[in-house]
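Here's a quick tour for anyone opening this structure for the first time. Have a look at it below, then read on.

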Amino acid sequence: MDKFGNFDLVTRFKLDFADIHVSKWRSRVSGLTVVHLDYDAPIVNGYFVVGTEIFNDTGCPHTLEHLVFMGSEKFPYKGIIDHLANRGFSNGTNAWTATDHTAYTVSTAGEQGFLQLLPIYVDHVLYPTLTKSGYVTEVHHINGNGEDSGVVYSEMQGRENTAGDLMALQMQRLVNPEGSAYRSETGGLMEALRNLSVDQIRDYHHTYYVPHNLSLIVSGKLASGTQSLLEVIQSKVEPSIAEHGQNNGRLPQGWKRPFVETNSAKRNNIPKTIAKSIEFPEKDESVGELQINFMGPAPNAFLERKALDILGTYLTSSAVAPLNKEFIEIEEPLCTYIYFGEDVAATRIDLPIYIGSVPTEHLDTFHEKLQACFKRIVEEGIDMKRMAMVIDRDERQLRSKVESSKGDTFSGTVISDFLYGAANGSDLAPALDEITQYNDVRKWTNAQWLELFKKYYIDPPCVIVRGKPSASMAERLEKDEKARVAKQKESLGPEGLAKVEKELEAAKKDHDQEIPTKVLLNFPVPDVKSIAWIPVQSLQQPGKGSGRAAPKQVDNEALEKHIAADGSPSSFFVQYDHVQSDFVSVHAYFSLAKLPDRLRPLISTYLSSLFSLPVTRSNGEHLTHEEVVNQLDNDTVSYEVSLGVNGAFAETLRVTIKVEVSNYESAVAWLKDLVYGSEFTKDRLQVTVAKILQSLPELKRDGSTVLSSVSASLLSSEQSTSRAGGVLPQAEFIPKLAAQLQEFPEEAVKDLQEIRKCLTEPSGVRFSVTGNVLDLKQPRSVWTKYFGQSLPESTLEPIRLAHETLSDVGKKPEKQAVVVTLPTIESAFVNHWSKGIKGFSHPDYPALRVASEILNATESYLWRYIRGSGLAYGAYVSVDVEGELINFNLYRSSNSTEAFRQAKGVIEGLVSGKIVLDETSLDAAKSSIVYGVTKAVSTPGRAALLSFSNQALKGVSQNFNVELLEKFQAVTKEDVILSLQKYFLPLFDPATSVAVVVTGPSRTQDIDEGLTQAGFVVEHRTLEVDPDEDVDGSESGSDSDESDESK
């Protein structure tokens, strides 16, 4: 089929290394592009991409990304697209704005909801309402207090003066010439946003949001293949395009393709090396950031781009990589990471190098040292054996990602092809043919690698931007912002303030227009039976001893037979979860329950050092840390160590090693030797601790990271490992550990050996095998071979859960509020906590989950009253069953006091009936939960991991999540209102809740007053470190002398 209705086939092919069929189509009538990546998977993903080029800093592309969701010509209701998406087995829509495009996204469980939503979504993209009231709430307004707000404004307020944004904008200005759109801040600078008008946005939309500049990229399985997709577009999208007179053929006369056919394409060589320093606000002036930019090859030089990517991996991927050895793996690190990136652009791509946490005294000379190191690498030549290993591992990781994400792996490549690829489609297949690229670079010689290195990173000039922390800038920004707002209030006067408040209220009222129930009901909820679940066979063998009863398991006859044929059952716990896969992962879960509390702060160092210590293997072979890293990289697809799994069960330490099926025994052997045979040497520990110490100032600049740490310190006791690993306790502990390693290293080593002894206590060890178990020749006996001697018969202790490590405040949250001043941010990051339910099978959970979904849904209650009013970029509730807590979170809030009031008003209104809870919201919440459940088991790896965590960690049935779907469907409106009253109202009552706020200096006083008026007892802390003093990471508090503290 080379034609379908208005659509001509541009190109079609199948990937050689995966069962993914790709086809690209273009409409003869409108120029609209459609790409379908066709493969079997339960989730269908859509990326609707517009090329967005702008030559100023007004942020029009970013504002449109938000305003598109405010309603369309055919569906003129704010947020209707998300209401409908939620009904269609989705969790709402999303979008992002990059320098060169805006992408609108949606994912659904199954195809029915996706195809129903597609024409409605495209109507929003091409024909949005773009009202003045939408602009007021979503982009920018001044409130009755004379303060600037709005969703977009709040977002940029939280970003504009961060080191990353300031440096990126400076780099764009230095690399690209005047007249290039690559110089622009597409998000919008705050000053420009304050002066923007809705008419400017409308004009921008009219120019760029046209069918011939739109690509609909769809990945996933459709029942009738690509034809069903084209049929929907042909019958429901193209007629609307014709009605708007946009049926002007593939390309209207005079159209210039953004970036490719405009002044932005003039991307010449950098004539000479330029270095510029910029300041960013930070009271800790000990470390800064560095960014270096080189010009790369053409965007369609796919082989060279792949080689450059591999070269960057070779130089920086591990503790034994050349640049890491030189700059990071030393006692006094010159940085904490070096990352080689790639930014696709017209004519020539950019090759940025990001260098983090550089001591300020080395910022000015770092580039010289880096260039000297580059030249030394050229003189010594490439380690071709290690390069071969890097290429092989990179390919294994790609194959693993394709198995997990299928065609969605390539969404970025397909977007780049739309923006920069050949119009005849000839670039798309070569861009996706990465396996051939790996095969080609395998043949390269040392000389070819060095030639590439010199061509792009050594011989040409570059642009260097140094980010220097400045305490005076932090104070200046706070002072300037207060003065600007005061001047604005004075300029407006009482009448003006009343007028802007009236305009804001009128805009909110416009958005309160109810969506007719009939419109929502016309969008049918799909059938859950249409979802194809990934089958998992599971077998748990709990070992010998008390507390080791196996759960009842069904539909696992083949697996049970396969395991039974391989030796006798082990004395310790192993669970096997089989899915169809090319890979297998082995996981070890070690309980931290018996760890002495004094050792908990040391766990972060243990985690950071585990894979880069010398090891004595079970066969007596001694390996240096470099040999360990090289052999691990050679044998595995990936390896990681962390607390818990997916953010839960943090009182369990997990080690995971993923390999190809043929390397299964090697993975089990590594698991044994890394945990039991690692040698805690002074020199390696000093390197690890120095890296952690140097990374702490950067972590303490992030509002979310600090909020998490302060919250954990308030709610958790000293028995909590995750509390001990927070950035603020670590800022206090790590300098002391560094001193201990210098003076009494044997004590630190002894403590780490004690940690190992606690971890390997047989009563707290569980193993898991996930992946292609049926293809393993010896699935069971290898465990006895490596662990039989170390893990004799014993009692199996239950998993320690988060609620067991709560502090007195966590057990009974009341009255307390902590406000932390952080000079690096301007908006507020907020947590409120109250008591929740205990137990994964708690009878109240289904109603509680549906209630939280109703509150959180895009364009639902919290969204409308908080984000829709421009009070915060995000507002969410969450249910922590493991921790027995309920949480209300505000992200990047411009007015957290008012956002809290609004959230409280919403819950009270829903409970009292003043705010109506309609059946359509209930239906949408249940449908959205279906998407969440499907997403959690949407890949073989996820499905197998959930089977394990359900049975072994939560103590529920293997398919518990799917079984819950019936209970969710049975939840009534009355159940939800009862749940809101019982669990969510206490969140907003100081008598039953606590609060933590992290905010910038200019907002601290207002927030203190707001919380006090609400009934909280407020403790105020300021987070700062004087670099001239000993870095102890403590907080000084006016009310307390305590020093505890990522759509």
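## A domain from the record

Which residues does UniProt list for "domain: Peptidase M16C associated"? The unreviewed entry gives residues 467–737, though such annotations may be inferred rather than shown by experiment. Over that stretch the chain is 48% helix and 18% strand, with the end C-alpha atoms 29 Å apart. Helices (H or I, at least four residues) and strands (E, at least two) are DSSP runs, numbered from the N terminus.

A word on the source: this is a predicted model, where local features need pLDDT of at least 70 and side-chain atom pairs count only at pLDDT 80 or more, while totals for chains, interfaces and linings use all residues. Residues are numbered from 1 along each chain as its sequence is written, and side-chain values use heavy atoms, leaving out hydrogens and water.

Now take helix α11 (residues 302–316) and helix α14 (residues 384–405): their axes come within 10 Å and cross at roughly 115°. That makes α11 roughly perpendicular to α14, a label for angles of 65 to 115 degrees.

Where they meet (heavy atoms within 4.5 Å), α11 brings residues including Lys306, Asp309 and Tyr314, and α14 has Arg386 and Val390 among them. By class, this contact has six nonpolar, one polar and four charged residues.

## Aromatic pairs

There are 34 aromatic pairs in the structure, counted when ring centres lie within 6.5 Å. Phe572 and Phe767 form one of them, 5.6 Å centre to centre with 80° between the planes, and that's edge-to-face (over 60 degrees). The pair links distant parts of the chain, 195 residues apart: Phe572 sits in the loop between α21 (557–564) and β17 (573–578), and Phe767 in strand β23 (residues 765–771).

Definitions and conventions:
Axes fitted to C-alpha atoms, helices over the stretch in contact; angles between N-to-C directions. Parallel < 35°, antiparallel > 145°, perpendicular 65-115°, else oblique. Nonpolar A, V, L, I, M, F, W, Y, C, P; charged D, E, K, R; others polar. Phe/Tyr/Trp six-rings, centres within 6.5 Å; stacked < 30°, edge-to-face > 60°.
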